Amino acid sequence: MIIFGTRGYLYQLAILTLVCGWCGNPAAHTLRKRVTKFTLFFVPLFPFSTKFATQCTFCGGEQQIPKEQAEQLLAQNAASQDGNPFGQAQGQGQAQSGYAPGGQGQNPYQH
């Protein structure tokens, strides 16, 4: 007896801020990639279907998108972060907080 079938894998590629096509709110959207693989004796052998989608975290609406658009969204997300995995440009956090390492920042409560 030969046992074969399919199995789906879901990968979260990025979290983007977009205007939702369902609810119209500017909200965070997860960019997801779903890969369906052929399995033989419960061992995944090769992928035969790959689909991309965005899902709104506000209303839960999901929209299928083509591969080219998913790659474009990933490139825009990477460019907006400037290589920083936390999404904030380097040097901004210190300038906004008024804190300098080594205790040399100005204290607004000292006179």
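Student: What share of the contacts between residues at least 6 apart in sequence joins residues at least 24 apart?

Tutor: It is 43% in this protein chain. A contact here means heavy atoms within 4.5 Å.

Student: What kind of model are these values computed from?

Tutor: This is a predicted model, where local features need pLDDT of at least 70, side-chain atom pairs count only at pLDDT 80 or more, and totals for chains, interfaces and linings use all residues. Residues are numbered from 1 along each chain as its sequence is written, and side-chain values use heavy atoms, with hydrogens and water left out.

Student: In what order do the elements run?

Tutor: From the N terminus, the order is β-β-β-β-α-α. That gives 4 strands and 2 helices. Both kinds are DSSP runs, numbered from the N terminus: helices are H or I with at least four residues, strands are E with at least two.

Student: What makes β1 and β2 a pair?

Tutor: Pairing requires that DSSP finds at least two bridges between two strands. Strand β1 (residues 4-19) and strand β2 (residues 26-40) are joined by 15, so they pair, and they run antiparallel. Thr6 stands opposite Phe38 in β2. The two strands form a hairpin with 6 residues between them, and Gly24 in the turn has a positive phi of about 80°.

Student: How do you know that β2 and β3 pair?

Tutor: They share 12 bridges, in the antiparallel sense. Leu31, for one, has Thr54 in β3 as its bridge partner. This hairpin has 2 residues between the strands.

Student: Why is Phe42 called exposed?

Tutor: Its relative accessibility is 70%. Exposed means over 50% relative accessible area, buried under 20%, and partly exposed in between (1.4 Å probe, protein chains only).

Student: Why is Thr39 called buried?

Tutor: Its relative accessible area is 9%, so it falls under the 20% limit. Thr39 lies in strand β2. Leaving out residues up to four places away in sequence, it touches Ile3, Phe4, Gly5, Thr6, Arg7, Pro44 and Leu45.

Student: How much of the chain is buried?

Tutor: 20% of its 111 residues.

Student: Why is Cys56 in no disulfide?

Tutor: A disulfide needs a pair of cysteine sulfur atoms within 2.5 Å. By this rule there are 0 disulfides. For Cys56, the nearest cysteine sulfur is that of Cys20, 3.8 Å away, which is beyond the cut-off, so no disulfide is counted. Cys56 is buried, at 2%.

Student: What rules out a bond at Cys59?

Tutor: Its sulfur is 3.7 Å from the closest cysteine sulfur, in Cys20, and that is too far. Cys59 is partly exposed, at 40% relative accessible area.

Student: Which element gives the largest share of the nonpolar patch?

Tutor: Strand β3 (residues 43-56), with 4 residues. Phe48 lies in that strand and is one of the patch residues, alongside others including Met1, Leu40, Phe41 and Phe42.

Conventions
Patches are made of residues with over 30% relative accessible area and no salt bridge: like charges are joined within 9 Å, nonpolar side chains (Val, Leu, Ile, Met, Phe, Trp, Tyr) within 5 Å. Accessible areas come from the Shrake-Rupley method with a 1.4 Å probe; for residues, only the protein chains shown count as cover. A salt bridge is a side-chain nitrogen of Lys or Arg within 4 Å of a carboxyl oxygen of Asp or Glu.
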